[in-house]
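I opened my notebook on this structure. I wanted to look up how the chains touch and what lies inside.

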Amino acid sequence: MPIPHSSDVLRGTLDLLILQSLAHEPLHGWSIGQRIQAASRDALQVGQGSLYPALQRLEHRGWIDSEWRTTAENRRARYYRLTASGRRALERQITHWRAYVEAVELVLAVGRP
Amino acid sequence: MDRLKGWMKQLRAALRPGRVEREMDEELRFHVDQETTRNVALGMAPAEARRAALVSFGAAERFKDELRGAGLRGLLGDAARDLRHAVRTMRRRPTLSAAVIGTLGLGIGVSTAMYSVVYAAVLQPLPYPHGDRLVAVWETYPGWRGRPVLGDFWDRIGLAWPDYEQWRGRQQSFDEVAVFARAQMTASGGEAERLEVGRGSASLWTLLGVTPALGRTFAEVDDGAGAPPVAVVSHALWQGRFGGDAGVIGGTIALDDQPFSIVGVLAPDFRFSGERGAPPDVWIPVGAAGLPLGPDNHHFSGIGRLRAGTRLESAAEESATIFRGDRPANALGAALRPYQEDVVGSARPPLVLLLAGTGVLLLIACVNVAALIASDTARREREVATRLALGASRARLLRQFLAEGLALALAAALAGVATASQGIPLLTALAPPDLPRMREVGVNGGVLAFALAAALVVTLVCTMSAVIVSGSRRPATEGKAPRRVTARGRRAQPVFVAVQMVLLTVLLTAAALLSRSLLGVRAIDPGFSTAHLLTTVVDLPAPRYEARGQLVDYYQRLVERVGAIPGVEAVTGVSTGPFADGSESTSVGYEGLPEEAAKPELQRRVVLPGYFDVTGIRVIEGAVSFDGGGRTVAVSQRMAERLWPGQRAVGRRISLRDQWYDVAAVVGDVRDQALTAAPEGTYYVSLQASRETSPRMRLILRSPLDEAQVASGVRDAMRSLDASIPVEPVERLDALAARSLAAERYRTLLVDVFAGASLVLAAAGIFGVTLRLVLRRRREFGVRLALGARPAGLLASTIGRTAGGAAAGVSVGLLAAWALMPALSPYLHEMPARDPTTFVASAAALVVVSLAAAAIPARRAARVDVAEILRDE
């Protein structure tokens, strides 16, 4: 069942999604949004209004770092990269998320065949 | 580690806001460009692609704000940016900002200065330990109550030394009690100088907690009769006469020809008993140098510090019992008043009235500022609507307007502090000499804080009201905002005018009443002439001039020598001169006085020859014949009527100290104590020809020269006769007359200044508000004109609104004045507090001013160029 059109990312999961999309390579803000959308098969769309404040928040927390680089099209863009403590945070959050989903599933399973 | 890095980033961002802002812009621009590129790749036309990117990007303003609002930088950066924005806004509207700052500055400054003066004079705690428990103690003679002259003093009679000793020994209500008295003595040895002398009991110094700058004060051994002649000098005298020489301790100072050895120097800020006027130059023991301390010498002021928890009433009862001794209960009593109240006395009510005037001024300033800022609401609401539409958060806007209000209030505060610190010296310099504690005035922190707070509240409420009002409105209705504002402004203008007028009517009426009263007082004929008359005081030290012959001889020769000064046309003298010397009364017996009746108390004047000629006092009946040597007196008309009503006074006799004198002449009444006081019955005796004497005489000189030109001649004449007599300054008699009105003039001046300042503020306010109203309605006026309205009609409708507001305000104001003005009665001389002429004139003046202030901008309404308006559309 497809998730209804362009649902906003659940509050609290945006940090997890951003950290995850940065797990393999540094990205700039726009492509982080694209990456999340593509990976979720267009189910999740990150509004720019949430993305950039979240990026700043994570950076101030020390989980990601940023630097200005040149893109393939030769434009200056700000690239975000996971830091060591960001990576640890990502592991923790994944564990949390899985535990959470599992718990919710258990609740939903009660009284169903 | 990474956490630390994050903090460093925040700190860097806070320190370099410009760079962060640029980077943020660039990052968001990059995002939109990427989105556009993707849209093109999906097959959109470039323009369409970009539009779609922008739409999907959405409310950029909002998350720029959110980005800025994050972290430490958010707080600092926002504040700085808001303040910068506020200053920019202020500079874009220089007239409005200047008007707000000027108005508030004037209001804050004048009210602070005024309150500071009143505080120092009336409210400031006394600078002594437990000053709030200090009590002035007087004896009372209930029998004097209601009697002429004496009746004024019945509850302010000094203590005699034996009373004090009894009191001090037996009282239980006070921690400590003391007595002191004031006198004038002549310091000789070196420059002869008239000094203010304080006589104080040893306990005074412990009571006041005095630590001398040098040496000691008095000890118990210095108390009572036969005390050693010691002296404690003031810091000022030490610095002046003794050049600040520390060796002054152990030296001597000669007072009235008697040597006193100096044992101490007081601290520079010790001003006891000098609260109204000059503090003593020297303090000496109460009984030093044979000064009388008998049971009949009631010349000491009592002071005590109440024990903690003791009530004033019970202390008064105890003191009365002690003073009374075994005398009957109604013969003698005690009056106790807080010392501060005793010092401030009659100065309090007028000052408190002035304070009310100050409050009105501050209120007018605030109303004005409120109106000025409100007139700018249209701009604000448009801005709010636009920015809300762009996605700015309401909190963000509130912060921005808060900053705008703060910036205005801060600038106004600076202007206010500057005005206050300039104004206070001016106020104290102009203050009449008897206003207490004027040397202690400083900017009062409390009231400054109050005025600043008032200013802050007004500006903040007004600037932020735009956001609050628009909070209820959705951004989509933005287009309608200006019209609504106009409608509101149109309704608000007459209300504003009315409020101003209520306050102004009260203030202006008060100012007009006081001014008219002062003019009336100035026009009073004192009964003698002051033109071309100069005056100075000569006071002969008692011991050397005790013999009557010497005294008469001295004055005879002095008159000759002063009369010989080139430019001096005539010289005379009087024991108690006009306007400066107060009252000098004795009880007088007379022919026809019933045996058992009390002798009336009448004013005595001992005069030198030519007194009536020089001063121009009219001789009504008989002839003044002092020079003949007979025992004769001249009496004033009022005295003649009082002693022998309806009968001829000339030829009658009065007795002074058991010596009979023939009444040789009746002379005109004079107001020589104060212009506002009714003339008292007065008799005149000749120094030479009577047995009456006076060591002190006020010389009166007629000369076309000014005082400075004559002064050196007078000094030389006095030096040549006896160099040990101090030379007092020569003054113009009309200057003395003017000084006697100093309190009235000061009061009137201050109220006039308030009224004037308020009138200017109000006129400026009405002008500003009307102008903005007209400017905002230009379009409407243009359309009306295009549709055939007559310019005169538009003018009339604009002014009519103001006139309505003014009329309503003035009416309410007149009612308020009707209720309030009787409070001014004590300060109005021979004028009703509800003088109809003054009321009508003030009201008319206000209506005219408000209409004029509205008419000037309203003329613009009539001159709107239709073509120009339509082009603007």
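I began with a term: contact means heavy atoms within 4.5 Å. With that rule I looked up where the chains meet in this predicted model. The contact takes 27 residues from chain A and 23 residues from chain B.

I noted the ground rules. The model is predicted, so local features need pLDDT of at least 70, side-chain atom pairs need 80 or more, and totals for chains, interfaces and linings use all residues. Residues count from 1 along each chain as written, chains are lettered from A and ligands numbered from 1 in written order, and side-chain values use heavy atoms, without hydrogens and water.

Next I looked up the area. Buried area is the accessible area (1.4 Å probe) that two parts lose on being put together, summed over both. Chains A and B bury about 2400 Å² between them. Carbon and sulfur atoms carry 50% of it.

Then I checked charges. A salt bridge is a side-chain nitrogen of Lys or Arg within 4 Å of a carboxyl oxygen of Asp or Glu. The rule finds four across this interface. Asp33(B) and Arg75(A) form a salt bridge, at 2.4 Å from N to O.

Last, I turned to chain B. Of its 873 residues, 51% are buried (under 20% relative accessible area, 1.4 Å probe, protein chains only). A nonpolar core joins buried Ala, Val, Leu, Ile, Met, Phe, Trp, Tyr and Cys residues through side-chain atoms within 4.5 Å. The largest has 59 residues. Met501(B), Met821(B) and Leu824(B) touch the most other members.

How values were computed:
Buried < 20%, exposed > 50% of the residue type's maximum accessible area, 1.4 Å probe, protein only.
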